[in-house]
Amino acid sequence: MKRQLVFIPVAADELGVLVGDPPIENRPAYTVTPELLAELGYAEAESEDAEYAALILASVAGLAAHGVRLVVVAEVEPSLIEVSEDPANGEVLLLSCPTSSMTAWFAEEPGVDVTDAAAMAHGLTIDLAWDLPQVQDLLQEHELLWNDVVEYRRGA
């Protein structure tokens with residue numbers, strides 16, 4: 001069975017999810033949905049571009065919910081995913097996520113100040129947060145850094 005790539009926004013104090021503490025259960029996550037493809041005008045052959053879009057949308061959701069752009073990446077069985085409220089932005093409900101399914105995480109570059117963007121985006125939907133100049137500046141000026149889960153697990 002083909003596994004599905006999901007992007008899970010987490011809080012700064014939740015990176016322990018990479019070792020199962022806390023476990024990921026019934027959490028919003030982001031993936032390439034048919035609605036996301038339609039919303040962004042991607043063809044199915046443009047899956048890498050659509051996956052990158054889902055990552056960025058997850059980072060904005062994390063900024064609004066947790067005040068940070070910290071996103072865990074996993075490849076899960078489709079049976080662990082349910083439809084959620086915002087499929088046009090790739091949102092799904094992730095029922096659970098085994099640590100063995102987690103492959104990486106993305107985080108802000110060291111020294112990047114997200115305080116203003118996080119304060120302005122706090123509690124907003126992705127669409128409302130996306131339109132904020134502070135969030136757009138953050139997205140345009142700072143790439144997220146990729147980290148392998150092995151790096152975290154060695155230090156845990």
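This is a predicted model: local features need pLDDT of at least 70, side-chain atom pairs count only at pLDDT 80 or more; totals for chains, interfaces and linings use all residues.
Leaving aside residues up to four places away in sequence, Asn89 touches Tyr30, Leu36, Leu57, Ile126 and Asp127. Asn89 sits in the loop between β4 (81–83) and β5 (91–97). With a relative accessible area of 8%, Asn89 is buried, since buried means under 20%. One of its contacts is polar: the side chains of Asn89 and Asp127 are joined at 3.1 Å.

Helix α5 comes next. An α-helix has 3.6 residues a turn, so residues three or four places apart point the same way. In α5, which covers residues 133–141, the buried residues are Val135, Leu138 and Leu139. Seen down the helix axis, these buried residues fall within an arc of 95°, so they line one face of α5. They pack against α2 (47–66), α3 (115–121) and α4 (126–130). Pro133, Gln140 and Glu141, on the other side of α5, are exposed.

Aromatic rings can also pair. Such a pair is described by the distance of the centres and the angle of the planes. Searching the whole structure gives 1 aromatic pair. It consists of Trp105 and Tyr152, whose ring centres are 5.9 Å apart and whose planes stand at 85°, so the pair is edge-to-face. Trp105 belongs to strand β6 (residues 102–107) and Tyr152 to helix α6 (residues 149–155), so the pair ties together parts 47 residues apart in sequence. Trp105 is buried, at 9% relative accessible area, whereas Tyr152 is partly exposed, at 24%.

Charged side chains remain. Side chains of opposite charge can pair when their charged atoms come close. There are 3 salt bridges in the structure. In one of them, Arg3 pairs with Glu77, and the closest N and O atoms are 2.7 Å apart. Arg3 lies in the segment before β1 (4–9) and Glu77 in the loop between β3 (71–76) and β4, so this pair ties together parts that are 74 residues apart in sequence. Arg3 is partly exposed, with a relative accessible area of 34%, and Glu77 is partly exposed at 27%.

Another salt bridge joins the side chains of Arg27 and Glu14, at 3.1 Å from N to O. Arg27 is in strand β2 (residues 24–30) and Glu14 in the loop between β1 and β2, 13 residues apart. Both Arg27 and Glu14 are buried.

Arg69 and Glu108 also meet through their side chains in a salt bridge, at 2.6 Å from N to O. This pair links the loop between α2 and β3, where Arg69 lies, with the loop between β6 and α3, where Glu108 lies, 39 residues apart. Both Arg69 and Glu108 are buried.

Methods: Residues are numbered from 1 along each chain as its sequence is written. Side-chain values use heavy atoms; hydrogens and water are left out. Buried means under 20% relative accessible area, exposed over 50%, partly exposed in between (1.4 Å probe, protein chains only). Helices (H or I, at least four residues) and strands (E, at least two) are DSSP runs, numbered from the N terminus. The arc is that of the directions from the helix axis to the C-beta atoms. Contact means heavy atoms within 4.5 Å. Rings of Phe, Tyr and Trp (its six-membered ring) pair if their centres lie within 6.5 Å; planes under 30 degrees apart count as stacked, over 60 as edge-to-face and the rest as tilted. A polar contact is a pair of N or O atoms within 3.5 Å; within protein, one must be able to donate a hydrogen and the other to accept it, and residues adjacent in sequence count only if both atoms are side-chain atoms. A salt bridge is a side-chain nitrogen of Lys or Arg within 4 Å of a carboxyl oxygen of Asp or Glu.
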